[in-house]
Amino acid sequence: MLNGQNFIAGEWRDGADWVEDVNPSDVTDIVGRFAQARPSDIHDAVAAAQSAQREWAAAGLEARAAVLDAVGRELMARSKELGELLSREEGKTLPEGVGEVYRAGQFFTYFAAEALRNLGGSADSVRAGVDVVIEREPLGVVAIISPWNFPIATASWKIAPALAFGNAVVWKPASVTPASAWALAEIISRQAIPKGLFNLVMGSGSTIGRELAANADIQGLSFTGSGAVGSGIAALAAARFVKLQLEMGSKNPFVVMDDSDLDRAVDLAVNGAFGGTGQKCTASSRLIVHRPVHDAFVEKFLAKTKALKVGHALEAGVQMGPVVSAEQLAANLDYVALGKSERAELATGGEALDLAHKGHYMAPAVFLNGRSRMRINQEEMFAPITCVIQADDLEEAILLANDTPYGLTAGIATRSLARATKFRHASRSGCVMVNLATAGTDYHVPFGGVRGSSYGPREQGRSAAEFYTQVKTSYIHAGAPE
């Protein structure tokens with residue numbers, strides 16, 4: 001059993017108390033005990049980070065690149081070991097856990113290279129004898145607050161660019177997945193970095209997260225989580241004009257047209273709706289199906305859904321693990337009850353499962369005869385629950401797809417280039433998938449949404465520089481040579 005401390009100012013520290021990390025696949029299995037930071041620890045971490053950041057920014061590009069590359073290569077080399085730990089504490093299947101850790105390693109190796117590509121520019125001035133130089137500089141100390149559904153990958157796509165561009169980091173991971181966070185922090189702690197450059201502060205969002213967001217010496221804050229929490233954090237940070245990057249809620253549509261490869265569309269819908277136990281911000285929680293193929297799609301989709309093997313995340317052949325916690329399971333079951341009360345037809349699933357191991361298991365749920373304004377089609381559930389809505393044509397499908405406060409991802413299954421193009425242009429979302437599941441993105445291109453899903457610069461790829469750096473424009477008049 002792990003005993004994980006916080007990493008503050010270059011040292012491992014105990015906290016105010018300890019919490020147990022429970023395996024959602026088997027609640028008798030305690031993954032470890034993890035220290036909970038004190039509010040005063042935030043002050044110590046930020047103070048140490050300020051000093052370390054200046055040293056790190058002056059260390060040079062190759063030093064930064066070498067550190068990030070080492071972290072990334074270790075993550076990839078240990079992906080099986082750490083993926084098992086991740087699956088054990090979060091509940092996603094072992095292949096998903098291993099894949100997440102490997103992807104986290106790719107974020108670090110990608111940004112190791114980006115550290116060397118932090119290029120500025122120059123411009124001709126409108127004034128004779130004046131040169132203009134445009135440079136990107138670090139923000140300073142960056143606060144990172146990451147979610148539990150991708151406890152290593154999401155954290156990595158924030159931490160890696162922050163360090164690559166010369167910033168210091170104070171990281172508060174999600175409370176329900178401390179083991180994955182501690183494992184990543186342990187790898188980073190062994191690198192050749194200034195003392196205090198990277199800090200891990202574990203604890204609740206209502207205390208430690210709030211303290212971090214309100215700290216006067218934070219120059220940037222990157223957050224991924226719910227819209228309600230994001231709004232509260234933004235209010236705290238915006239009062240001090242802190243640079244913000246928020247990734248929040250979603251209600252992603254997947255449209256199936258009558259000219260699609262129906263078997264492939266079904267596979268994509270199952271993957272999008274129930275991969276990661278439906279606990280992805282990119283999950284397909286609304287399936288908008290063209291009326292001519294509705295019945296055929298539903299028949300195939302229900303058969304695939306009912307055949308999914310639900311079980312312990314580490315067992316071979318399991319296709320869907322448990323939900324992350326007892327609280328999440330209770331919230332999911334409440335949404336099933338809500339869907340019934342809204343007169344959607346529960347065609348399969350939606351109940352808690354009593355399996356060989358005592359865990360937070362739920363049968364994947366499919367609602368039929370959905371209407372767009374139902375709460376189950378407007379609110380983010382973060383659950384293995386999806387709802388089928390019928391559309392008469394592409395125009396109606398587009399209207400339905402856009403009919404939520406969110407706009408993260410959207411997908412369409414069609415063989416028509418014209419239909420795909422029209423949908424792509426009309427979709428009010430940050431990412432559009434054509435004949436692909438809504439869940440699944442690349443690490444080297446921008447990621448983010450519109451409307452209630454995102455605020456601030458995009459994450460990932462070269463777009464990360466827009467958040468983790470600030471632009472300085474210098475005007476230089478050298479005068480005449482002597």
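## Pockets, cavities and helix packing

The second largest pocket in this predicted model has a volume of about 240 Å³. Its 14 lining residues include Glu20, Asp21, Val22, Val176 and Ser325, which are the closest to its centre. The model is predicted, and local features need pLDDT of at least 70, side-chain atom pairs count only at pLDDT 80 or more, and totals for chains, interfaces and linings use all residues. Residues are numbered from 1 along each chain as its sequence is written, and side-chain values use heavy atoms, with hydrogens and water left out.

**The second largest pocket**

- A pocket here is an open set of points on a 1 Å grid over the protein atoms alone, with protein on both sides within 12 Å along at least five of seven lines, and lining residues have an atom within 4 Å of a point.
- Strand 4 (17–22) and helix 11 (326–341) each supply at least two residues of this pocket's lining; helices (H or I, at least four residues) and strands (E, at least two) are DSSP runs, numbered from the N terminus.
- With four residues, strand 4 gives the most to the lining of the second largest pocket.
- Seven nonpolar, three polar and four charged residues make up the lining of the second largest pocket; Ala, Val, Leu, Ile, Met, Phe, Trp, Tyr, Cys and Pro count as nonpolar, Asp, Glu, Lys and Arg as charged, and the others, Gly among them, as polar.
- Domain 1 (2–248 + 453–474) and domain 2 (252–434) each provide at least three residues of the lining of the second largest pocket, with domain bounds taken from an automatic or database domain assignment.

**Cavities**

- There are three cavities of 30 Å³ or more in the structure; a cavity is a set of grid points where a 1.4 Å probe fits but cannot get out.
- The largest cavity has a volume of about 100 Å³, where a volume is the space filled by probe spheres set on the points, and grid points are joined across faces, edges and corners.
- Among the 15 residues that line the largest cavity, Gly278, Lys280, Ala283, Ser285 and Phe382 lie nearest its centre.
- The lining of the largest cavity has seven nonpolar, five polar and three charged residues.
- The second largest cavity has a volume of about 60 Å³.
- Of the 16 residues lining the second largest cavity, Pro253, Ala401, Tyr406, Gly407 and Thr409 are the closest to its centre.
- Strand 13 (252–256) and strand 18 (409–413) each give at least two residues to the lining of the second largest cavity, which divides into five nonpolar, seven polar and four charged residues.

**Helix packing**

- Helix 2 (residues 61–77) packs against helix 4 (residues 94–115) at an angle of about 165°, with their axes 7 Å apart; axes are lines fitted to C-alpha atoms, for helices over the stretch in contact, and angles run from 0 to 180 degrees between N-to-C directions.
- Helix 2 is therefore roughly antiparallel to helix 4, since angles over 145 degrees count as roughly antiparallel, under 35 as roughly parallel, 65 to 115 as roughly perpendicular and the rest as oblique.
- Helix 2 passes helix 4 in a left-handed crossing; a crossing is left-handed if the near helix is turned anticlockwise from the far one by less than a right angle, and right-handed if clockwise.
- Helix 2 and helix 6 (residues 178–189) pack at about 135°, with axes 9 Å apart, so the two helices are oblique to each other.
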